[in-house]
Amino acid sequence: MAGETTTSSLSVDQVAFDRLAYFALRSELLFDQAADVQPVQQAMPGTGVTFTIFSDIAAATSTLSETTDVTPVALADSQVTVTLNEYGNAVVTTAKLRGTAFLDVDSAAANIIGYNAGDSIDQVVREVLAAGSNVAYATGGDSTPSSRVTMAVDDLLVANDIRKQVAALRGANVATFNGSYIGFIHPDVSYDFRSAVDVASWRTPANYVNPEGIYNGEIGLFESVRFIETPRAKVFENAFNGAGDTGTGDSYATLIMGRQALAKAFSTQDGNGAVPKVVRGNVTDTLMRLQPLGWYWLGGYGRFREASLRRIESASSIGTNAS
C-alpha cells in the first residue's frame with residue numbers, strides 16, 4: 001500500500017544508549033593486606049618513620065659461679081626507615097562535556113580516580129616486595145638455574161620449591177599468620193603448579209578448620225602457605241633466553257612471606273591517612289568550566305624483615321613468552 005510512514009521516512013528512530021557506565025576489567029588490589037607493620041606510637045610528623053628492632057642476646061647455658069658476678073652483655077638494635085613520598089593523579093572535565101554527555105561523567109570520573117589510586121599504590125607495594133634479597137629459582141626443569149638469566153622455559157614451579165622456602169622461613173623463626181604463611185602467585189604459574197601437584201595436597205578456603213579471615217584472592221592452602229592468585233604478581237619480562245643471557249623468556253615471581261615482612265607508614269596530617277584521599281581540585285578558570293578531580297597519598301612501604309620474605313622465580317608453560 002502506498003503512503004505508509006516507515007523507518008526510512010523519518011529520523012525519529014535511533015540507536016539507544018545504555019546510560020549505565022561500564023569500566024575496564026580490573027584485577028583485585030591485594031598486596032597492601034600483607035603490610036602488618038605500621039606505626040603505633042609515632043612521635044611526630046616527619047619525612048619518614050623509623051622502626052627499631054632489638055636483637056636478642058646469646059643464650060646463657062653455662063653455670064654461674066657462686067662468688068663471681070655475671071658479666072653484663074650489651075644490648076644491640078637495628079633500624080628500618082620507611083620514607084614518605086607523594087603519589088597522586090587527576091582528571092579534568094569540561095562544562096560542555098558534563099552538559100552534553102548522555103551519562104553521568106562525574107560519577108564515572110570518580111570511579112576511575114578511585115580505582116587508579118588503589119591500582120597505583122598496589123603496584124608500588126608489589127615493587128617493594130619483588131625487590132627482596134632472598135631469591136631462589138624453580139627446580140622443575142632439566143637443570144637448576146643459578147640466576148634469572150640462566151633460566152629456561154621448562155623451569156616451572158614444583159612442590160619442593162615451596163617446601164624449601166617454608167623450611168627456610170621456619171628455620172629463621174619467622175612467625176606465621178595464624179599458623180600459615182602467605183603466598184602471592186601469578187595465574188600462569190598457578191596453572192603449572194596446580195597441574196603438577198596432587199589435588200589432595202591442597203585445602204580450599206571452604207575446607208579450612210577456621211575459614212574466617214580469608215584473604216582477597218585466596219585459592220587455598222598448600223604446605224602451610226595460603227596462596228593468593230593475582231595477575232598483579234611481578235613478572236620480569238624478557239629476562240632469559242635459556243643460554244645465560246636476556247631474551248624472550250619471562251620470569252615470574254612467586255612471593256612467600258611471614259609476619260613483619262612489610263612495613264607501611266603514612267602521614268596523618270592535613271586529612272591524610274592509611275589510604276589515598278580523593279581530592280576535588282580548585283576551579284580556577286574564569287567561567288568555572290574546568291573541574292579537576294584527583295587522588296593524593298603521602299606514604300610509603302618498606303621491607304621490614306628480609307628474613308620474612310622469600311621470592312621464587314619460575315617460567316610458565318602458558319605465559320606470553322613460554323616458548
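**Loops, rings and a pocket**

User: Taking this predicted model, is Ser224 buried, partly exposed or exposed?
Analyst: The relative accessibility of Ser224 comes out at 26%. Buried would need under 20% and exposed over 50%. The value for Ser224 falls in between, so Ser224 counts as partly exposed.

User: Where does Ser224 sit in the chain, and what is its phi?
Analyst: Ser224 is in the loop between strand S6 (218–222) and strand S7 (225–229). Most residues other than glycine have a negative phi. Ser224 isn't a glycine, yet its phi is positive, at about 70°.

User: Which loop holds Met288, and is Met288 buried or exposed?
Analyst: Met288 also has a positive phi without being a glycine, near 55°. You'll find Met288 in the loop between strand S11 (277–280) and strand S12 (291–303). Its relative accessibility is 57% and the cut-off for exposed is over 50%, so Met288 counts as exposed.

User: On to the aromatics: how many aromatic pairs are there, and what is the geometry of Phe51 and Phe304?
Analyst: Searching the whole structure turns up 6 aromatic pairs. One of them is Phe51 with Phe304, with ring centres 5.7 Å apart and planes at 90°. Planes over 60 degrees apart count as edge-to-face, so Phe51 and Phe304 are edge-to-face.

User: How many residues apart are Phe51 and Phe304?
Analyst: Both Phe51 and Phe304 are buried. Phe51 belongs to strand S1 (residues 48–54), while Phe304 is in the loop between S12 and strand S13 (309–314). Their pair links distant parts of the chain, and the separation in residues is 253.

User: What about Phe193 and Phe222: what kind of pair do they make?
Analyst: Their ring centres are 5.2 Å apart. The planes stand at 90°, so this pair is edge-to-face.

User: Which elements does the Phe193 and Phe222 pair tie together, and are the two residues buried or exposed?
Analyst: Phe193 lies in helix H4 (residues 187–196) and Phe222 in strand S6, so the pair joins parts 29 residues apart in sequence. Relative accessibility is 0% for Phe193 and 1% for Phe222. Buried means under 20%, so Phe193 and Phe222 both count as buried.

User: Which helix gives the most to the lining of the largest pocket?
Analyst: That pocket has a volume of about 240 Å³. Its lining has 16 residues, with Leu29, Asp32, Gly118, Val275 and Pro276 nearest the centre. The top contributor, with 6 residues, is helix H2 (residues 105–130).

User: How many residues in that lining are nonpolar?
Analyst: The lining of the largest pocket includes 3 charged residues and 4 polar ones. The nonpolar count is 9.

User: How many Å separate the C-alpha atoms of Ser62 and Ser11?
Analyst: Ser62 is in the loop between S1 and strand S2 (77–83), and is exposed, with a relative accessible area of 61%. Ser11 is 51 residues away along the chain. Their C-alpha atoms are separated by 99 Å.

User: Where in the protein chain is confidence highest?
Analyst: The mean pLDDT is 89, and 91% of the residues reach 70 or more. Confidence is lowest in S6, with a mean of 84. At the other end, with 98, is S13.

Conventions
Residues are numbered from 1 along each chain as its sequence is written. This is a predicted model: local features need pLDDT of at least 70, side-chain atom pairs count only at pLDDT 80 or more; totals for chains, interfaces and linings use all residues. Side-chain values use heavy atoms; hydrogens and water are left out. Helices (H or I, at least four residues) and strands (E, at least two) are DSSP runs, numbered from the N terminus. Buried means under 20% relative accessible area, exposed over 50%, partly exposed in between (1.4 Å probe, protein chains only). Rings of Phe, Tyr and Trp (its six-membered ring) pair if their centres lie within 6.5 Å; planes under 30 degrees apart count as stacked, over 60 as edge-to-face and the rest as tilted. On a 1 Å grid over the protein atoms alone, a cavity is a set of points where a 1.4 Å probe fits but cannot get out, and a pocket is an open set with protein on both sides within 12 Å along at least five of seven lines; lining residues have an atom within 4 Å of a point. Grid points are joined across faces, edges and corners, and a volume is the space filled by probe spheres set on the points. Ala, Val, Leu, Ile, Met, Phe, Trp, Tyr, Cys and Pro count as nonpolar, Asp, Glu, Lys and Arg as charged, and the others, Gly among them, as polar. pLDDT is the predictor's confidence in each residue, from 0 to 100.
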